[in-house]
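Subject: Structure for your review

Dear colleague,

Please find below the structure that I am handing over to you. My notes on what was found in it follow directly after.

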Amino acid sequence: MEINTNNIVSITEANQNFSKVARLVDENGTAIILKNNAPQYVILEFKALEAIQNSMDEHVDAVAKRVLAQNLEAFKELAK
């Protein structure tokens, strides 16, 4: 995953200045919060989360259709 270094905030700074974190998210779509100098948390806009969930749902649907198509005869036999 690519991380824009302009979106990185320490957990101490995020705790003391959450409005800065919110501003980063408004400007760049995400903010990465470091804990012990390692990426620990991602804050993103709610609409971005919805888009991710929709994408995941579409992926699950595609996999389900593929499994059904590949095993249609077995499913028909089980349905009897």
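**Findings**

Of the 80 residues in the chain, 14% are buried, where buried means under 20% relative accessible area, exposed means over 50%, and partly exposed lies in between (1.4 Å probe, protein chains only). Please note that this is a predicted model, in which local features need pLDDT of at least 70 and side-chain atom pairs count only at pLDDT 80 or more, while totals for chains, interfaces and linings use all residues. Residues are numbered from 1 along each chain as its sequence is written, and side-chain values use heavy atoms, with hydrogens and water left out.

*Overall form*

The radius of gyration of the chain (taken over C-alpha atoms) is 21 Å, whereas a compact globule of 80 residues would have a value near 12 Å; the globule rule is 2.2 Å times the number of residues to the power 0.38. The C-alpha trace spans about 65 × 25 × 20 Å along its principal axes.

*Helices and strands*

The chain has four helices and three strands, arranged β-α-α-β-β-α-α from the N terminus on. Helices (H or I, at least four residues) and strands (E, at least two) are DSSP runs, numbered from the N terminus.

Two strands pair if DSSP finds at least two bridges between them. Strand β1 (residues 8-10) and strand β2 (residues 30-35) are parallel, with three bridges, and Val 9 stands opposite Ile 33 in β2. Strand β3 (residues 38-44) pairs with β2 in the antiparallel sense over six bridges; there, Thr 30 has Leu 44 in β3 as its bridge partner. A hairpin is formed by β2 and β3, with two residues between them, and Asn 36 in the turn has a positive phi of about 55°.

*A nonpolar surface patch*

Val 67, Leu 68, Leu 72, Phe 75 and Leu 78 make a nonpolar surface patch of about 450 Å². Patches are made of residues with over 30% relative accessible area and no salt bridge, with like charges joined within 9 Å and nonpolar side chains (Val, Leu, Ile, Met, Phe, Trp, Tyr) within 5 Å; a salt bridge is a side-chain nitrogen of Lys or Arg within 4 Å of a carboxyl oxygen of Asp or Glu. Helices α3 (46-70) and α4 (72-79) each supply at least two residues of the patch, and the largest share, three residues, comes from α4. Phe 75 lies in α4 and counts as partly exposed because its relative accessibility is 39%.

Yours sincerely

Key
Areas by Shrake-Rupley, 256 points an atom, 1.4 Å probe, with all protein chains shown as cover.
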